[in-house]
Amino acid sequence: MTASFPNTAPPILAVENLRTTFRTERGPLTAVDGVTFSLGEGRALGVVGESGCGKSVLCRTLLGLLPPTARVDPAARVRFYGKDLLGGGASALRRLRGREISMILQNPMSSLNPVMTVGAQAAEPLRVHTGMSRKRAWKRAVSLLAAVGIPRAEERMKQYPHHFSGGMRQRVAIAMALACGPRLLLADEPTTALDVTVQAEILDLLAVQRRTRRMALILVSHDLGVVAGRTDEVAVMYAGKIVEHAPTPALFANPRMPYSRALLESIPVLDNAPHTRLRAIGGSPPDGLELPYGCRFAPRCSRVQPRCLQDEPGLDFEGAAPHGFACWNPFPLLSAGRQGRNGPSEWRRT
Amino acid sequence: MIATSPLLDVRDLTVFFDAGDGRKIHAVSGISFVVEEGEVLGLVGESGCGKSSIARALLQLPRPAAGRVVFEGVDWTRASCRRLRRLRPRLQMIFQDSVSALNPRRRIGDAIAAPLVIMKAGSPKERARRVLKAMHDVGLPEACQRQLPSVLSGGQCQRAQIARSLIARPKMLICDEPVSSLDVSVRAQILNLLEDLRRRYKLAMLFISHDLAVVKNISDRVAVMYLGRLCEVAPAEELYRAPRHPYSRALLEAAAQVDTRQPAAPLSLVPGELPSPADPPKGCRFHARCPVAEKQCSTTDPRLEEIGSGHVVACHFPL
């Protein structure tokens, strides 16, 4: 029954049944629980969900960047261009990380080394992964910094991260991630720490770089607006599971799983009149220590039925449709015409 | 006190910080605004523009370098520390990081009761009753009273903080990014809660946030700030529909880009970032990033001028 998102482009990343647990004092905490998806070449996947839903752990598991208390279920499979990422050991991963797959973290303040010049840091991946000479790597780093929109790149190479503003630091982090021409970029909340004007600039920069390099992107965010215009498909996560996975326009126009829809409705939008009452979701997400029986969203769901409290729904793709959701009582499918023309306003009115 | 005077009247508020090297950082440079009774004034701007400095200066934490803060007819900048302690319950603050705003070793009930203890208000029995009432008002279960903040979720901590600020029965709340650290679903709960409390207690608010959609949702009027100065103040609906200051427009465009479901038009903002407040540019502080700036903008600082009813803008060439 569980299928994965049907991809037209050949998949470069195939994740099957990924399950990551952490050892804690109160028992095992399941952070990622049976996640399956694949990503085509050059595609952009948005992963959205609230904090604690497992989206960051998912990224870190793919790159093997987990603390020693974590355990990845051996039954899981992660293949990158056919190569096994989980079974290959640390050295195999190290060859891929930074070169084939790279990552941008949320806080550029803590992902850059404060006592190393920006230039030395930007040149480092080139020296480590491609064995470039110091001089050539430095030159290449200058052009990389210029390409991500850092003015006077040559001069600024000699400065330290604290001389840079938040947005400029995130640009440096992006330049470093792109240095070796990766095929896949994982961006974990890349703009959350930034101001709204800078946020738009950084997202556009990522979009341009992705298009010109035909690089695949996994964009993790708690902000649905961030993934809206900039991804091909979106996966919504709740309590460690993907609960809905669909092409981005379809997800926003016609969310089927009640959690996705509730998430969309709870966000204040610029079009709202002042003092509009928001549709909040009652309660809070379950913690990974005590997951409820049946559907994990059932205790907060407006469409809950007896079955939801007993059986856990799987991520089900109806036939060959690219829209999958894990729900026993989903919202109905809107007809294609209504979906396309009016977008989100269609269901907002209902 | 005249009946028609506003609840909060801020005149030429100025806040400096020492940069350490002899220079002064102009966090807030001569800002004036009013907040009427029961009114919500939203305050938006990029980080570093001085929003939080205003919030703290209103409460005299620390005292501003210049200007007047008249709240309910009393000038707080001239009040003694002892006098301020009596006044502060009327004007309460809610901080962004609710977890660190609560003492980790103090039970929630005691934290909520703290303002009453400081005010020496009521008997212990009366205090306990008011704590329960405040917890009920903000939707905190009674069981939380004996618990420590570490046991509570982020949303519950924020509720506790709101309860603590309400217990002194304030006329006005200063909310400094009250929902920024909360998750999407919890954020809506807290925003709805603030809206309910505003109605029930006719609370005025200064609502500070960098999220324009959140600010529009709760505010009657919105003030846009750039590098220690006000650019524009207008009724919320009007500002979002037809901003007159180029910076307000740029902010709204940026927000729309991240808000709407399609990629939007490119920004009408000269790329760049907030200049350093230690060395603010001459003339209009926004001129270096402004797409419509002219020569005059780099020499003469525009004053806030009224261009419509309740709509003021500081720009030589308003849109």
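1. Strand S13 (residues 324-325) and S12(A) run antiparallel and are joined by two bridges. Helices (H or I, at least four residues) and strands (E, at least two) are DSSP runs, numbered from the N terminus.

2. Before going on, a word on the source: this is a predicted model, in which local features need pLDDT of at least 70, side-chain atom pairs count only at pLDDT 80 or more, and totals for chains, interfaces and linings use all residues. Residues are numbered from 1 along each chain as its sequence is written, chains are lettered from A and ligands numbered from 1 in the order in which they are written, and side-chain values use heavy atoms, with hydrogens and water left out.

3. Back to the sheet that holds these strands. It is an open one of eight strands in chain A, with mixed pairing and the order S7-S8-S9-S3-S10-S11-S13-S12; two strands pair if DSSP finds at least two bridges between them. Strand S7 (101-104) and strand S12 (316-317) of chain A each have a single partner strand, so one side of each is left without a neighbour in the sheet. As background, strands of a sheet pair through backbone hydrogen bonds, either parallel or antiparallel.

4. Two helices of chain A lie across strands of this chain. H7(A) lies across S7 and strand S8 (184-188), running at about 175° to S7(A). H11(A) lies across strand S10 (233-238) and strand S11 (241-247), at about 100° to S10(A). The axes are lines fitted to C-alpha atoms, for helices over the stretch in contact, and angles run from 0 to 180 degrees between N-to-C directions.

5. A:Glu189 deserves a look. This residue sits in the loop between S8 and H8 of chain A and has a positive phi of about 50° although it is not a glycine. Its side chain meets that of A:Lys55 in a salt bridge (3.8 Å, N to O); the term means a side-chain nitrogen of Lys or Arg within 4 Å of a carboxyl oxygen of Asp or Glu. A:Lys55 is in helix H1 (residues 55-63) of chain A, so the pair ties together parts that are 134 residues apart in sequence.

6. Now the interface. Contact (heavy atoms within 4.5 Å) involves 43 residues of chain A and 44 residues of chain B. The buried area is about 3,600 Å², with carbon and sulfur atoms giving 53%; this is the accessible area (1.4 Å probe) that two parts lose on being put together, summed over both. On the chain A side, A:Thr197, A:Leu270 and A:His275 lose the most area to chain B, together 22% of what that side buries.

7. Which residues form the salt bridge between the chains? The side chains of A:Arg277 and B:Asp196 do, at 2.9 Å, N to O, and the rule finds one salt bridge across this interface.

8. Chain B has an open sheet of four strands with antiparallel pairing, in the order S2-S1-S4-S5. Its edge strands are S2 (24-35) and S5 (74-75), each pairing on one side only. Nine bridges join strand S1 (residues 8-18) to S2(B), and B:Asp18 has B:Lys24 as its bridge partner in S2(B).

9. Finally, one peptide bond to check: the one from B:Leu61 to B:Pro62 is cis, with omega near -5°. B:Pro62 is found in the loop between H1 and S4 of chain B.
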